[in-house]
Structures are given as C-alpha cells and as structure tokens.
Amino acid sequence: MTGGLLGIEELSRPEIEKILDRARAFQPQPGQAFQRTTTCQGKMVVNLFYEASTRTRTSFEIAARRLGAETISITASGSSVSKGESLVDTLNTLVAMRPQAIVMRHAASGAPHFLARHLTTPIVNAGDGTHEHPTQALLDARTILDRRGALEGMKIAIIGDIAHSRVARSNVYLLSKFGANIVLCGPPPLLPRGMADIAPGVALEYDIRRAIRDADVIMMLRVQLERLHEPLMPAGEYYRFYGLRLEHLSSASPDVMVMHPGPINRGREISSEVADSQRSMILNQVENGIAVRMAVLERVLLP
Amino acid sequence: MRLVIRNGRVIDPASGRNEAADVVIEDGKIAAVGAGLDAPGAEIFDAGGLVVAPGFIDIHVHLREPGFEHAETIETGARAAAAGGFTTICCMPNTSPVNDSAHVTSYIVETARRLADVSVFPIGAISKRSEGEELAAIPSMAAAGAVAISDDGRPVMNSRVMRRAMEVARALDIPVIDHCEDLNLSAGGDMHECLDSLRLGVHGIPSAAEDVMVARDILLAELTGARYHVAHISTARAVAMVKFAKSKGLPVTSEVTPHHFALHTGHMRPYDSNYKMKPPIRESADVKAILEGLRSGAIDCIATDHAPHAGDDKMQEFERCPFGITGLETAVGLTFDLLVHTGLISLERMVALYTSEPARVIGWKGELERGCLKPGTAGDVTVLDPAREWSYDVTKSLSKSANSPFNGRKFRGGPVATIVGGRVVWRA
C-alpha cells in the first residue's frame, strides 16, 4: 500500500481527525475568498475520471491548484480508454509521466484498490463503484463539525439508495468510528438487512418518519438510476414514501442539518423547499469539499 | 511392454485392498496386484515408502479447446492434469463452438488421443449452444464418446427442458451434471452475498441461487429417474438436500472443489480475481458442512473445476474479470493438508474420493472401466507421497494459465508420479 487514500474503513479515528483538523486551516476566513499555499509547488496531480463528475473533479482540481500543485484532468470519453485500453495499461502510461498522485473515479468497486497493488504512485479514491467515496465522508464530517463540534451521540439519518451508495458506506464507516447513532433508511430492495452489521452503531428503518425523528443530521442520497438492476418501485411511489419534504422536518431536531452529496433531483428524493431551506447544508458541503481535498492531497503529496 | 510398481502400499478402495503389494501393468492394462509378483523383463518403479493408488479422476475441468486456446489447450490441460496426479479428466462443453454435437465431441476425443498425456472424456452440452432452449444432439454425442451432459456455467433455467434432458440421459445411462445457479438470483453478482459483499460494495450471489436449483433438480431427478450430479456444491443447504435425496434412495450425487473446502470469505483478498469463481467462495459455516459431507458421504467426490483464464483477462477491474481459477495441480495437496492430515478422513477415503467414487458417478463400463486396480482395466496409477513437502509456484505451472489463489502455498503430501496406460507421464 502506498500513501494514498483508498477508503475510510481502513483509516483510524486519529488519522481522520488529523485530516479534518488540517482541512479547517484551509477553510476561507471571514472576509477572505479562499486559502492558498505554495507548499506543493512542482508536484503534479492527475485526475482520472472514468465516470461523469462535475463537482468532485472540479473540487479536486481547485484543491490541487490552491496547494500550488499542477493538475490535469482526464475523462474516459476523451482518452485511450475509449479505444479499448485496459485500466492497468492506462495507469502504467500515466505513471510513466511521473505524477505525484493520481485521483481516480471509477464505476467498478475496488478499481483503485486493485491498481494500488500494481502501482507505486499513491492513489486517491474519488469514488469507486458502490464501495467508497472517502473525501465525501470527510467533507460531510467537516460540515457537521463546523456546526456541532462533535459527532459522538448525534443521530444521523441516511436516506435513499443505500445498497448502491458509496457515499453511504464511507459516511457509515466514518461516523461509526466517532460514536454517532446512524439510521439507514430506504425501500427494502435498496436497503439490504445485512447493512445493520457493517459497522457498530447502525440501525435500519424502512419508514422515513421514524428514521428522521429527533435526527440531528439528515443525509439524503441521490437515486442512482444508472446503477439499478433491481425491480424497484415507480418514481412517484419513491418520492411519496422516501422523498424528504418540509413537513418531515418538524419531527427532527429543531436545528437539524439537511445534507446531500449532489447532484440533487428536486421532486425525486428531496423537495425544492427543503433543498433551498435554511436547514440545507448543500452549498456548505461543496465549499468544505475543497478544504478537505486540500488536506487529503497535502497528506499525499507531502508525506 | 511391462511395468512393475514395487514396494508400495497399494490402496484400491474398489476392492478394499490396503496393503504392501506390487502392481504389474502389461500392454497398458493392469495385469496383476499382489505381494512379491514375478515380472521378468519389466521396467521397475520403486514405490518404497509411497502409496500406490488407481489413477486419479477429475470429472470437472475446462480445457478451453476449441475456441479459447490462448488460455488452455487439450494438450496443456492434460499436462497440468498429469502434474496434479490425474490420469483421467472430463472436460466441460463451454468451448467455442459449444460441444453440443458429435463433431465437437469427436474433435476433442481425437485431439486428446493424439496430444494428451492423460485420458480425456468430453461432457456434452444439454442444450444447443447451451442456450437452454432446444436439446443438443445428446445421443450422437454419447455415441461419439461424451460420458455425461451439462450446460455447466450456463445452467438450464427452463425446468421443462431440464426434465426432457434428464429423460434422454436416463435412457442413455449417463448422468446429468448441473452447475446449480438461478441466473436471475445471481445476476450481476461477483462474490458470495454476505457482510463482506456489502462492505466492499460488490454485488452478491446469494446461497439461495444455488439452493433453489439443487431443489428443483432433485425433484426432476425423482420425476425422471435420471442420474443427477451436483457440480461444485458450495452451500450447507445444498449439502443437506443432497443428503436428503440420497436417504430417499434417489440416484443423486455431488462433487466439491478443493477451493470450496479450503477457502471461506474470510480468506479472500478483496477485489483479487484469483478469488472470483462460480459458485463463489462461501462462508465458514458452509465449509464446515462441506467437510462433514465429505466425511459422511453426502459428497461423493472431489473435482477441480479447473478454469484457466489468460492473465490479461484476470488483470482487470474485479467486476470485469471472468469467473474461475485453475486447480489441477493443487487439488491433491489441498486434500492432504485439509482433509487427511487434519484427521477428517482416512487415506483410503481420500483415494476413493478421487478414484472409485468419481468412476461410480460417471459409470464407465467394459473396457473403459477405471478408478480401480482390477486386472484388465486401464493401467492407470497415481503414486502419492503423504509426507512430501512442496510449495506451489504458479509460474512453473504446466497449465497455460496462472489464475490460482494458492500460489506460494506450502503443502505436505502430494502426487509424485502419474502413470497412464503403463507409461510414466509425470514425475515430481
């Protein structure tokens, strides 16, 4: 294993705390646009995205630049990937250009883990299939900590397509390490019973009202239409039973935080009123994404 | 031509023999077994301190020819078989073209006759192109040398087609071998459905995908009277159902692969395609049930499901890699280590699991009779050293492929010589 970041599951709580603390230093101060350093000058980060992504890719690019590093982004459609080159061959080609880190998103679970066994260049996982999205969990934790100061004992409801969500898995692994009470909620085909055992402190709930009762944080997930090969339920039915609407929020904690990793589907998993409400942290999450990714990249580039 | 194997301990489960004796092979056939046999002019094989057994049989291998010769050929697969102690192998029909006609069956038989170091018996397809709709030319394939039928990796989902295939097989007195997998339940799955699959974000294959098919097939075997054989059994529930069927007197048998008794999900290296196969590595409770089945007889024999894949095909994202691992060269070593040296089964039972038992499953008769040391049968012998210490180096494999999770593993006990028709085709 090289010094990349493949997932949250294998990180210890002190390692996570270190990244989150460092990210705070990269958050914009009042009256300031953003933080910038030159500590990573002369380093090169390759962003290799095998799946469509706007916010994560842009966020990593900005983070690398604000550290003073050079960055280039490659997307699958515009590269030799579309000419049938294998993943290993593509990565070996990139490694020969001597980047100091490769940020990678891939539709296959474990693709970065598989590559990390064959490459020496550190890999930062920007989302692998239905497995992990570690920087999303880190930025979500940073966002909660900015408002609440601690994760321990908080009730956090994660609602939606849990089975296919890498965001859910990374968040569960992280929040569990910090002693949060996690409630996973979704339609039965998208919430396997075994998820209750993937980490300590996880409970399952199939009724959204019970899931968000007294919740301190509600994390909504996007319905992953592109990953569905299960017989599910009609879209209207989904929104009726699992879409988050204003009326739900009254039973949650009075200062509940509503989060969403984006992109949001208004009227599908979340109503516009909730997405645009004071409770919504969606734009704070985006902003923290840059600070957290700066901390992650710095950790990789300046070991 | 005459060969005498002297000073060994002869274990022949078919005759119940387990004693110091010599074996004389003459003109490719077993001539005599007994103490202090006279064999003037014979070539001598000194088996002092070794076990002399009937030639080992593997009724489930993939030789990839015709069609996928970059991964294996009949010649290289047979060589790997010899290096694993096997003298007879049965090859599955998922070649290209599929072995669904007498032409392909004959091609395999003829190629093996010319190039293979061991005896090769084809298994014909159940349905045309193994598509599960129309029956293949089963009687013609049987006449050309097919010893069983199976659609192996593409199991027949249509129960009516399976019923008809069983009726045809019964009339021909050949077994129907099923790779038990409900393709709708397993769709998209890359590993056993369990906590680890959820953790790793890998789509799971539930045990029920195997169990519902075993249940269906047992009912159809009862309906048709066909001999029915469960390939690579992997779940505790399936073992229980086979045991139940046997207790009802149904002609139901089963095999297990070495990797299904050697590994459970806790042994898997995440996203390593050398641990990706169908059925998938199951849980420790399943392994426990399998071990008990091997001991009690619910499981009749060990078969490798040797499934070579070229390195490039296995060096990919886990979900894109094909299913299957090689197994011919590590089977006997794993059996010694995990079944015999642990005291689970006797050496005699181990030999039976590779000889008389698979021979009974297939039902070779007349001049094809094998799996025993009866005079007049094939002069096939496997010589074993239960104490031999060795390790597996996949780069030295005689298979064309190297997709094994057992690379580097140390073993105690293994084959030391493979004799086919009185000719030593492999020595350690």
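**Chain B, loop by loop**

Visitor: Is B:Arg64 buried or exposed?
Guide: B:Arg64 is buried, as 28 other C-beta atoms lie within 10 Å. Buried means 20 or more other C-beta atoms within 10 Å of a residue's own, exposed means 12 or fewer, and partly exposed is in between, with C-beta atoms placed from the backbone. Bear in mind that this is a predicted model, where local features need pLDDT of at least 70, side-chain atom pairs count only at pLDDT 80 or more, and totals for chains, interfaces and linings use all residues. Residues are numbered from 1 along each chain as its sequence is written, while chains are lettered from A and ligands numbered from 1 in the order in which they are written.

Visitor: What's the phi of B:Arg64?
Guide: Positive, about 65 degrees, although B:Arg64 is not a glycine. Most residues other than glycine have a negative phi, and most peptide bonds are trans.

Visitor: Where is B:Arg64 placed?
Guide: B:Arg64 sits in the loop between S6 and H1 of chain B. Helices (H or I, at least four residues) and strands (E, at least two) are DSSP runs numbered from the N terminus. B:Pro66 is found in that loop between strand S6 (56–61) and helix H1 (74–83) too, and the peptide bond from B:Glu65 to B:Pro66 is cis, omega near 5 degrees.

Visitor: OK, which peptide bond involves B:Pro97?
Guide: A cis one, joining B:Ser96 to B:Pro97 with omega about 5 degrees.

Visitor: Zooming out, how many helices and strands are in chain B?
Guide: Chain B has 14 helices and 17 strands. Buried residues are 59% of its 428.
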